[in-house]
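Please open the model in a viewer and follow the selections below in order. Each stop names what to select and then describes what is found there.

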Amino acid sequence: MNLTLKIWRQQNPADKGGLKTYELGGVSEDMSFLEMLDVLNEQLNETGEEPVAFDHDCREGICGSCALMIDGQAHGPEVTTTCQLHMRSFKDGQTITIEPWRADAFPVIKDLVTDRSAFDRIIQAGGYISANTGSAPEANSVPAPRDKATRAFNVATCIGCGACVAACPNGSASLFLGAKITHLGELPQGQPERDGRVASMVAQHDAEGFGGCTNIGECTAACPKEIPLDVISQLNKDLRTAIRHGH
Amino acid sequence: MATVTAVKNKRSSRSTIALKLLMALSGLIFIGYVLAHMYGNLKAFSGQEAFDSYAEHLRTIGEPLLPYSGLLWIIRIVLLVALAVHVYAAYTLWARAGKARTTKYAVTKRVNSTWSSKTMRWGGTALLLFIVFHILHFTLRVVTPGSNSDSPYERLVGSFEIWWVSAIYLVAMAALAMHLRHGTWSAAQTLGLTNTASARRNANLLGYLLAVVIAGGYSLIPVFVLAGVIS
Ligand code: HEM
Ligand code: SF4
Ligand code: FES
């Protein structure tokens, strides 16, 4: 396949940056999107141009680092992560525009790499349960109802990739927040800190500069883990409950 | 380990979600009101006598416990407060969304947004302008196209016989239908009532139902005046 790539190049956070066009030949349909970029970078290395910086780690869809906006869609046209996206999803001769996640809470570090530590700070604000260290507790001593456990497991698949923020017209992180709130809130272990958790995580979300949710639903369509919109309803319900309890 | 920057204002009642809750609650007040208001307006189909005496009846409800027009004033104050809250929250969150993404994408592809969800802010602004016009027209009688009779029925018929007055009202009802379509669903989400797939489907269906019933119901009046059925 031959491709025309329009890629966001930006030296550093202060640089204005801009789209630069590259022609790339010899791309196989079986390559992943990131392998295609590897090929491009080899070509750039040969010509002495600085390779395109992009984030990646596991390349198997579980770490959430491969954040790329591909032709206006977070992680491209399929419901998966960029590392699990293959070039067969594109056509020979196609022009593909590749941009970093755009959100002021995710500032660009370089080229396509953004600083997503805002998510880490949201998790640190309350996305955990407090447990004593020592010998592991007896697993069967805290029963979790099956349907609740299933819901918790389903939304615990959120990998914190930030595609929901990237796709949201308001730059809101509500789907991510909702996934974490629902995951911990459905389980018995999550109950003691439930009100404080949602209050702190929402406050951190707002302080990071993410926008408010308008329930449009672009987030869930972009989510590689298909986190459903009902986690946002759950988030709202938990916050409403926390307010009633004096938070 | 990275340290957490202390958040200045931790009150949940000051959060973006709290603003949305205010918007949902004020929106529900509006929905209740537009339903009741529509019931009254449809009395136009029963003729001048029924319509005008209903308008007068609204002013005498609760007498002598309430003064003349007392209930009407209570409703007006509740609506004004709800409007102030709704509009304040809407524009605050709009500004916030703008600041959340100051560098725009070169290419965007929306795959899951309904038209009504994309027009909430500009459509809401259109509704705000319409509300101002509507009050100047029928309540304050500052603009009185067609008729400035003391009979509400004659003012209604007189103005809707003018095509552009009817057009303004019909366009506003289209905007209201759109706003209610997404607003009903969004309010259900905001209030945390849609935690299952079927609840989400029902909230969406209710949005369509309210949009069609309310905007359709109001629209009957200018349409039937123009057709000469109400005269
Ligand atoms: C007066 C001017 C108005 C403005 C500027 C306005 C603006 C907005 C905006 C921006 C939203 C949030 C949209 C979203 O969440 O996607 C909203 C929500 C809503 N509006 Fe309005 N609106 C207005 C009037 C009305 C009226 C007249 C009604 C009802 C008859 C109404 C009912 C609702 C409802 C039910 C919601 C859903 C609340 C929620 O999202 O939780 N609004 N409005
Ligand atoms: S909710 Fe989905 S899109 Fe958002 S961070 Fe989690 S996995 Fe990524
Ligand atoms: S590189 Fe880990 S999810 Fe894509």
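## A tour from chain B to its partner

Before any selection is made, note that this is a predicted model. Across the boundary between chain B and chain A, the count of salt bridges is one. To display that salt bridge, select A:Asp230 and B:Arg200, whose side chains meet with N and O 3.3 Å apart.

**Stop 1: the side of chain B that touches chain A.** Next, colour α1 (16–41), α3 (70–100), α7 (163–190) and α8 (197–226) of chain B; these elements each give two or more residues to the side that touches chain A. By residue type, this side of chain B divides into 18 nonpolar, 21 polar and 11 charged residues.

Now show both partners together. Here 50 residues of chain B are in contact with 55 residues of chain A. The two chains bury about 4200 Å² between them, and 48% of that area is on carbon and sulfur atoms. Polar contacts can be displayed as well: 32 residue pairs, with both members at pLDDT 80 or more, are in polar contact between chain B and chain A.

**Stop 2: chain B as a whole.** Chain B has eight helices and zero strands, and along the sequence it reads α-α-α-α-α-α-α-α. Its C-alpha atoms fill a box of roughly 75 × 45 × 35 Å along the principal axes.

**Stop 3: the iron atom of ligand 1.** Select ligand 1 and centre the view on its iron atom. Which protein atoms are the donors of this iron atom? They are NE2 of B:His86 and NE2 of B:His179, lying 2.0 Å from the iron. For reference, the ideal angles for six octahedral donors are 90 or 180 degrees.

**Stop 4: a salt bridge within chain A.** Over all chains, the structure holds 14 salt bridges. One of them can be shown by selecting A:Lys110 and A:Glu50, whose closest N and O atoms are 2.3 Å apart. A:Lys110 lies in strand β6 (residues 108–110) of chain A, and A:Glu50 lies in the loop between α1 (33–47) and β3 (69–70) of chain A, so the pair ties together parts that are 60 residues apart in sequence.

Terms used: Residues numbered from 1 in each chain as written. Chains lettered and ligands numbered in written order. Predicted model: local features only at pLDDT ≥ 70, side-chain atom pairs only at ≥ 80, totals over all residues. Heavy atoms only, no water. Contact = heavy atoms within 4.5 Å. Buried area = accessible area lost by both parts, 1.4 Å probe. Salt bridge = Lys/Arg side-chain N within 4 Å of Asp/Glu carboxyl O. Polar contact = N/O pair within 3.5 Å; in protein donor to acceptor, adjacent residues only side chain to side chain. Helix = DSSP H or I, 4+ residues; strand = E, 2+ residues; numbered from the N terminus. Nonpolar A, V, L, I, M, F, W, Y, C, P; charged D, E, K, R; others polar. Donors = N, O, S within 2.8 Å, 3.2 Å for Na, K, Ca; no water.
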